[in-house]
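Try each task before you read its solution.

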Amino acid sequence: MPQLTAAPAERTPSPPAPRVPDEAAPRTPGPVRRGGSEFSPLLRVVREQGLLERRTGWYALRIAANLAGLAAVGAALAVLGGSAWSLLLAVPLAVLSARTAFVAHDAGHAQIAARRRTNHLLQLLHANLLLGMSQEWWNDKHNRHHAHPNHVDKDPDVAPDVLVFNHHQAVGRTGPRGWLTRHQAWLFFPLTTLEGFALKAYGFRALFSSDGPRRTRGERAVEGGLLLAHVAGYAALLLATMPPGRALLFALLHQMLLGLHLGLAFAPNHKGMAVPGDDERWGHLRRQVLTSRNIRGSALTDWLLGGLNYQIEHHLFPSMPRPHLRLAQPLVRAHCRSLGIPYAETGAVDSYRQALGHLHAVGEPLRTA
């Protein structure tokens with residue numbers, strides 16, 4: 001993915017090694033001057049703490065561990081492919097595939113390396129080759145989401161499709177789409193099991209679409225070649241290690257579990273949060289904080305959700321390395337408190353309850369019509 005442009009440029013001359021702030025007593029940014037940016041004091045403190053500096057070694061270890069895990073699953077398939085027990089390997093493969101998606105996401109935000117080309121190559125490897133997801137399609141979509149989160153006309157993530165996210169989008173939906181909208185809260189997680197397939201389909205469609213992301217013929221060739229290599233390699237691995245019927249069942253299980261895992265990571269981040277209109281004049285701070293929701297949890301939560309549980313911090317500082325999001329949180333929370341800006345954070349179960357409750361409320365007019 002190319003560099004995301006959803007937030008102000010954050011590159012600065014390399015400061016000293018990151019200094020971890022005291023989470024029990026975070027340093028609160030100074031007062032906002034009249035007419036000044038609400039975001040600037042927070043950005044200054046985050047820079048001073050070194051939290052925008054790359055953590056290349058941290059990522060290198062995790063990328064190596066993930067690639068080793070993928071290789072281990074491949075080897076286990078070769079050993080167990082003749083047994084029905086091999087289907088159980090779809091579970092760890094789905095978890096590792098989600099790690100791969102998180103690395104691709106972070107590379108697209110330039111979180112991993114200082115050089116743009118290095119991030120680009122890392123993302124091509126993880127998105128196109130290992131996942132079968134178009135880098136350019138994802139970047140184009142994700143850039144617009146970061147620039148205008150929850151905006152009904154500008155954020156592609158809340159555009160009406162199978163699901164709708166705002167009451168006016170539900171008006172007039174009849175037939176199968178109307179039925180989906182009436183029951184979308186109950187159908188949401190079952191539908192996420194299709195996300196693994198959808199990511200591949202959207203990527204291939206965008207690659208050959210005239211209105212897709214702009215790219216040179218060479219870039220299209222590289223992307224297309226890697227996507228085809230993914231499909232060929234994935235099919236070859238499964239068909240070489242198990243009978244065709246079991247290979248198909250394994251692929252279905254793997255992709256459905258991957259979609260569910262990604263759905264659990266993305267579902268609660270913005271649904272039910274503030275919806276800015278064209279007349280809103282929010283600055284960067286309010287635009288990103290008021291439309292986002294954090295999930296409270298442990299290091300295990302951070303790992304399972306790929307750091308996206310710090311959605312507020314991620315949206316404020318898209319290029320901030322994943323391990324620094326937890327360190328930036330007390331600074332952001334304190335700054336929001338000083339300005340009287342609501343800071344949404346809840347537990348995992350409650351976050352899903354809120355997101356599904358919002359989807360249920362959106363479909364209410366069709367259920368009572």
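**Exercise 1. How many aromatic pairs does a search of the whole structure find?**

Step 1. The search finds 7 aromatic pairs; rings of Phe, Tyr and Trp (its six-membered ring) pair if their centres lie within 6.5 Å, and planes under 30 degrees apart count as stacked, over 60 as edge-to-face and the rest as tilted.

Step 2. Take Phe189 and Tyr352: their ring centres are 5.8 Å apart and their planes make 80°, so the pair is edge-to-face.

Step 3. Phe189 sits in helix H8 (residues 184-192) and Tyr352 in helix H16 (residues 348-362), so this pair ties together parts 163 residues apart in sequence. Helices here are DSSP runs (H or I, at least four residues), numbered from the N terminus.

Step 4. Phe189 is partly exposed, at 21% relative accessible area, whereas Tyr352 is buried, at 16%. Buried means under 20%, exposed over 50% and partly exposed in between (1.4 Å probe, protein chains only).

Before going on, note that this is a predicted model: local features need pLDDT of at least 70, side-chain atom pairs count only at pLDDT 80 or more, and totals for chains, interfaces and linings use all residues. Residues are numbered from 1 along each chain as its sequence is written, and side-chain values use heavy atoms, leaving out hydrogens and water.

**Exercise 2. Describe how H3 and H4 pack.**

Step 1. The axes of helix H3 (residues 90-108) and helix H4 (residues 116-131) come within 8 Å and cross at roughly 150°. Axes are lines fitted to C-alpha atoms, for helices over the stretch in contact, and angles run from 0 to 180 degrees between N-to-C directions.

Step 2. H3 and H4 are therefore roughly antiparallel (angles under 35 degrees count as roughly parallel, over 145 as roughly antiparallel, 65 to 115 as roughly perpendicular and the rest as oblique).

Step 3. By class, their contact has 8 nonpolar, 6 polar and no charged residues. Ala, Val, Leu, Ile, Met, Phe, Trp, Tyr, Cys and Pro count as nonpolar, Asp, Glu, Lys and Arg as charged, and the others, Gly among them, as polar.

**Exercise 3. Is Ile312 buried or exposed?**

Step 1. Find Ile312 in helix H14 (residues 311-316).

Step 2. Ile312 is buried, with a relative accessible area of 0%.

Step 3. Leaving aside residues up to four places away in sequence, Ile312 touches Val289, Ser292, Arg293, Asn294, Val332, Tyr343 and Ala344 (contact means heavy atoms within 4.5 Å).

Step 4. The C-alpha atoms of Ile312 and Asn294 are 6.3 Å apart, although 18 residues separate the two along the chain.

Technical notes. Helices (H or I, at least four residues) and strands (E, at least two) are DSSP runs, numbered from the N terminus.
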